[in-house]
Amino acid sequence: MLNIVLFGPPGAGKGTQSESLIEKYGLIHLSTGDIFRANIKGETDLGLLAKSYMDKGHLVPDSLTIDILRAEVLKANSSKGYIFDGFPRTTAQAEALDNFLKSINTSITLMLALEVEENELKNRLLKRAAISGRSDDADPAIIENRIAVYNKETAPVKDFYENQGKLITISGIGSIDEITNRLFHAVDTRNA
Ligand code: ADP
């Protein structure tokens, strides 16, 4: 199996690049952000709870996020592998993911970390707000908060995979196709 963690700050291009990776490698896409947004739309209890954190730019609590993610992996039941987008976002989530994948006899193959500098991220998110209608993209103060949470809680997840020799960093600056090709090259080199 090929299990990829696609990593990067908010606005780095994870969602966009996931689509190409899924298609090329036949992976199942699991985005915790998408799962939460679907629940908000469907007005479920989970959605209501998640929204109260997301609207402030805070993280949804680990225990809830981990439970949801586990259930989605089991539901999808892929034989080729998964691409994890927006998860794990804390070291506790990374540890829980390792333990869970072990229990189903698989593991993370590699982390692809997209790197984009902060001013570019802010510009991209504000532009996206006009199209996505996402309330967490529209407000510069919430964007600041999400980037601060990323730097404090999420960035250390990179060290977690680096310590396992699984981290590959990729520049997230350039055209969408250029970045896709960098990602494909990294996966093919690692998987050869
Ligand atoms: P982005 O990468 O643009 O911030 P996401 O769609 O990945 O967008 O996430 C949107 C919001 O959903 C986050 O700001 C956070 O509140 C919540 N969220 C998504 N994934 C997680 C996670 N793994 N752990 C905790 N909260 C999460």
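Helix 10 has 16 residues and spans 22 Å from its first C-alpha to its last, close to the 22 Å expected at 1.5 Å a residue. The model is predicted. Six positions need attention here: Ile179, Thr180, Leu183, Phe184, Ala186 and Val187 of helix 10 are buried. They lie on the same side of helix 10, because they cover an arc of only 160° around the axis. Strand 1, helix 1, strand 4 (110–115) and strand 5 (167–171) are among the elements that cover these buried residues. The face of helix 10 turned away from the buried side carries the exposed residues Asp177, His185 and Thr189.

Helix 10 (176–191) also supplies at least two residues of the lining of the largest pocket. The volume of this pocket is about 1200 Å³. It is lined by 50 residues, of which Pro10, Gly11, Lys14, Arg128 and Arg134 are the closest to its centre. Other elements that each supply at least two lining residues include strand 1 (4–7), helix 1 (14–25), helix 6 (118–132) and helix 8 (140–154). The lining comprises 19 nonpolar, 19 polar and 12 charged residues.

The second largest pocket holds about 200 Å³ of space. Its lining consists of Arg37, Ile40, Lys41, Lys51, Met54, Asp55, Ser132, Gly133, Arg134, Ser135 and Asp136. Helix 2 gives the most, with 3 residues. By class, the lining divides into 2 nonpolar, 3 polar and 6 charged residues. Arg134 lines this second pocket and is also among the residues closest to the centre of the largest pocket.

Key:
Residues numbered from 1 in each chain as written. Predicted model: local features only at pLDDT ≥ 70, side-chain atom pairs only at ≥ 80, totals over all residues. Heavy atoms only, no water. 1 Å grid on protein atoms, 1.4 Å probe; cavity = no way out; pocket = protein on both sides within 12 Å on 5 of 7 lines; lining within 4 Å. Points joined across faces, edges and corners; volume = space filled by probe spheres on them. Helix = DSSP H or I, 4+ residues; strand = E, 2+ residues; numbered from the N terminus. Nonpolar A, V, L, I, M, F, W, Y, C, P; charged D, E, K, R; others polar. Expected span 1.5 Å × (residues − 1). Buried < 20%, exposed > 50% of the residue type's maximum accessible area, 1.4 Å probe, protein only. Arc of directions from axis to C-beta. Contact = heavy atoms within 4.5 Å.
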